[in-house]
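Thanks for coming. I'll talk through one structure today and keep to what can be read from the coordinates and the record.

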Amino acid sequence: MRADATQTAPPSGRLQPGPRPAMRLGERVRAATGHHLRVYRRTWRGSVISRFLSPLFFLAAMGLGLGALVDAGSGGVGQQSYLQFVVPGIVAYQAALLGFGDATYPVLGYIKWNRMYAATLATPLGVTDILLGHLSVLAANLAVATAIFVGVSALFGAFASWWVLLAVPVGLLTGLAFAVPTFAISATIETDNVFGILYRFVLTPVLLFSGTFFPLEQLPGWLRPMAWLTPLGHGVVLTRDAALGRWPGPVALVHLLVIVVVIAVGWVLAHRQLTRRLLS
Amino acid sequence: MTDEVLLEARGLTKSFGEFVAVDGIDVLVRRGEAFGFLGPNGAGKSSTMRMVGCVSPVTGGRLRILGLDPAVDGAAIRARLGVCPQQDMLDEDLSVEENLWVYGRFFGLSRREVRARTDELLEFAQLTDRRHDRVEPLSGGMKRRLTIARALVNNPEVLLLDEPTTGLDPQARHVLWDRLYRLKREGVTLIITTHYMDEAEQLCDRLVVMDHGRIVAEGSPRELIEAYSTREVVELRFEDEQQERHLGSVEALAERVEALPDRLLVYTADGDDTLAALHGRGVRPLSALVRRSTLEDVFLHLTGRSLVD
């Protein structure tokens with residue numbers, strides 16, 4: 001084979017009259033991902049700066065401010081300094097918040113405002129391809145954001161163990177457990193007012209009562225189950241154990257399972273709502 | 001034009017719950033034709049187009065596009081269609097060329113093919129000098145041309161155009177029509193919906209008139225005018241209250257008269273003769289205009305209503 005022949009990709013055969021070669025799943029998802037990467041290329045600089053700044057703000061406020069108070073008053077939480085207690089929780093918290101945010105306005109925009117998803121469905125791509133394409137870019141964004149948060153916090157001694165690296169996949173999954181169901185909601189609603197309501201009345205209590213900022217034991221017994229109703233409580237526990245390098249036993253698998261089930265149910269709902277909305 | 005049937009619909013029906021949007025229509029479109037669906041808003045044109053575009057399941061009847069069943073081979077059909085929807089549906093945060101690039105990849109074109117197609121289509125849409133600009137600030141006409149260019153990225157055999165010039169100014173419409181003629185000459189089959197009779201007359205070899213989800217007439221624009229209207233029309237406007245008083249005398253001299261709130265439409269073979277005869281009978285309108293019959297008159301006759309309300 002000649003060298004130049006190997007460098008030139010063969011024609012796709014998809015510009016010819018008559019039947020055209022079908023696209024494989026991988027090709028379709030890459031094409032859908034390509035769209036989101038194009039959009040991301042215009043905005044990534046701003047978001048990367050905020051990814052580095054946000055852990056710094058939290059470390060300053062929680063570690064130096066609140067942490068000094070807690071450590072002076074009660075000698076930390078359990079055996080740990082407050083900084084080491086709280087930062088793993090915040091890692092999971094910011095992943096949840098980012099997952100929620102990325103599945104609100106951007107998704108509603110493609111469905112309702114610029115209607116690119118309707119335009120996408122006029123091509124060989126389907127609802128599954130749209131979901132996989134969008135969510136894989138969203139997931140990459142979550143993984144990068146969580147890795148930066150963990151990396152910056154590590155420089156300030158926020159973690160006791162190298163096992164904290166596991167916080168990156170846990171953060172990714174926690175973020176998806178918020179993003180995928182939110183995608184289903186965005187595929188259902190007509191106006192963006194709903195996002196404000198969700199943030200105030202669902203996200204905020206979830207974030208406050210998931211054991212992020214204080215141990216659950218501080219809460220009265222009847223309030224504690226709140227933490228286990230949402231994926232964040234499970235993500236916080238897993239991240240905290242990882243940061244300590246502690247294997248909590250098989251219960252870790254239960255936490256993981258809850259998160260995965262929420263993602264799976266969200267997927268089914270998102271697929272159904274997007275189909276109803278755009279292919280009716 | 002060949003005899004190959006690209007679109008075949010028999011008793012095609014679309015309902016949304018109780019509401020029947022498309023009520024059992026029969027349509028045949030052959031390769032190379034420019035075929036139109038003419039009708040007012042809500043006639044069922046867009047619902048028909050969405051079924052043909054394989055993004056809306058058929059409720060009843062038979063539909064074949066390129067010989068394939070959309071319920072089974074939707075993706076294979078869409079790979080060979082171009083769709084220019086009523087709204088532009090562009091990603092306005094991306095540049096002109098990025099919109100084409102992204103869409104070409106949706107059809108599985110190689111990077112090299114997309115680059116080549118992008119250059120050709122920017123030329124075709126007269127957007128070459130705007131290729132690096134973001135879409136959002138472009139004019140309505142430019143966005144429309146970009147939407148059509150994007151619909152052509154996969155070199156489609158059939159181009160579906162849903163209300164292609166709605167909302168454009170007259171100059172932008174003519175630029176767009178010129179581009180569509182070019183496609184037609186190149187052998188692309190065009191399927192167009194419109195509620196503008198001039199657009200249907202300009203672009204369509206053959207069309208169906210739709211009303212309330214049904215087809216009420218079918219033929220070439222000329223055939224429809226011959227069958228459902230007269231050669232000429234006299235439009236008479238009267239002072240307040242005078243129109244009703246003269247209606248009787250006008251009706252006596254014409255084949256048919258349509259009384260609109262603000263004017264009478266008098267259908268006749270020769271407008272000037274009729275006008276002279278009316279003067280002879282002492283009918284003195286404020287203004288009188290003799291014109292050729294259009295598809296608007298056909299629609300008015302068939303449905304008793306105007307296309308654009």
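Predicted model: local features only at pLDDT ≥ 70, side-chain atom pairs only at ≥ 80, totals over all residues.

The predictor gives the complex an ipTM of 0.92 and a pTM of 0.93. For chain B the average pLDDT is 94, and 99% of the residues score at least 70.

Now chain B overall. Its 309 residues are 49% buried. There are 11 helices and 13 strands in chain B, and its C-alpha atoms fill a box of roughly 75 × 45 × 40 Å along the principal axes. If you take the contacts in chain B between residues at least 6 apart in sequence, 70% of them join residues at least 24 apart.

Next, a sheet in chain B. It is open, has 6 strands, and its order is β5-β6-β7-β3-β8-β9, with mixed pairing. At the edges of this sheet are β5, residues 81–84, and β9, residues 214–219, of chain B; each has a single partner strand, so one side of each has no neighbour in the sheet. Neighbouring strands here are turned by 15° against each other on average, direction ignored.

One pair from that sheet in more detail. Helix α5 of chain B, residues 140–151, lies across β5 and β6 of chain B, at about 165° to β5(B).

Now to strand β12 of chain B, residues 264–268. Are its residues buried or exposed? The strand is mostly covered, with 5 of its 5 residues buried. In a regular strand the side chains alternate between the two faces of the sheet. In β12(B) both faces are covered: B:L264, B:V266 and B:T268 are buried on one side, B:L265 and B:Y267 on the other.

Which strands pair with β12(B)? One of them is β10 of chain B, residues 232–237, antiparallel over 5 bridges. Strand β11 of chain B, residues 256–259, also pairs with β12(B) in the antiparallel sense, over 4 bridges. A hairpin of 4 residues connects β11(B) to β12(B). B:V266 has B:V234 as a bridge partner, and B:V257 stands opposite B:V266 as well.

On to the contact between the chains. It takes 30 residues from chain B and 31 residues from chain A. On the chain B side, the elements giving two or more residues are α2 (70–78), α3 (96–106) and α4 (111–124) of chain B. Of the elements on that side, α3(B) gives the most, with 4 residues.

Last, chain A. An unreviewed UniProt entry places "domain: ABC transmembrane type-2" on residues 46–277 of chain A. In the model that stretch of chain A is 75% helix and 0% strand, with its end C-alpha atoms 32 Å apart. The unreviewed entry also annotates "transmembrane region" on several stretches of chain A, including 90–111 and 252–270. Residues 90–111 of chain A are 91% helix and 0% strand, with end C-alpha atoms 31 Å apart. For residues 252–270 of chain A, the values are 100% helix, 0% strand and 27 Å between the end C-alpha atoms.

That's all from me.

Key
Residues numbered from 1 in each chain as written. Chains lettered and ligands numbered in written order. Pairing = 2+ DSSP bridges. Axes fitted to C-alpha atoms, helices over the stretch in contact; angles between N-to-C directions. Contact = placed C-beta atoms within 7 Å. UniProt positions renumbered as here; feature names shortened; annotations may be inferred. pLDDT = per-residue confidence, 0-100. Buried ≥ 20, exposed ≤ 12 C-beta atoms within 10 Å, placed from the backbone.
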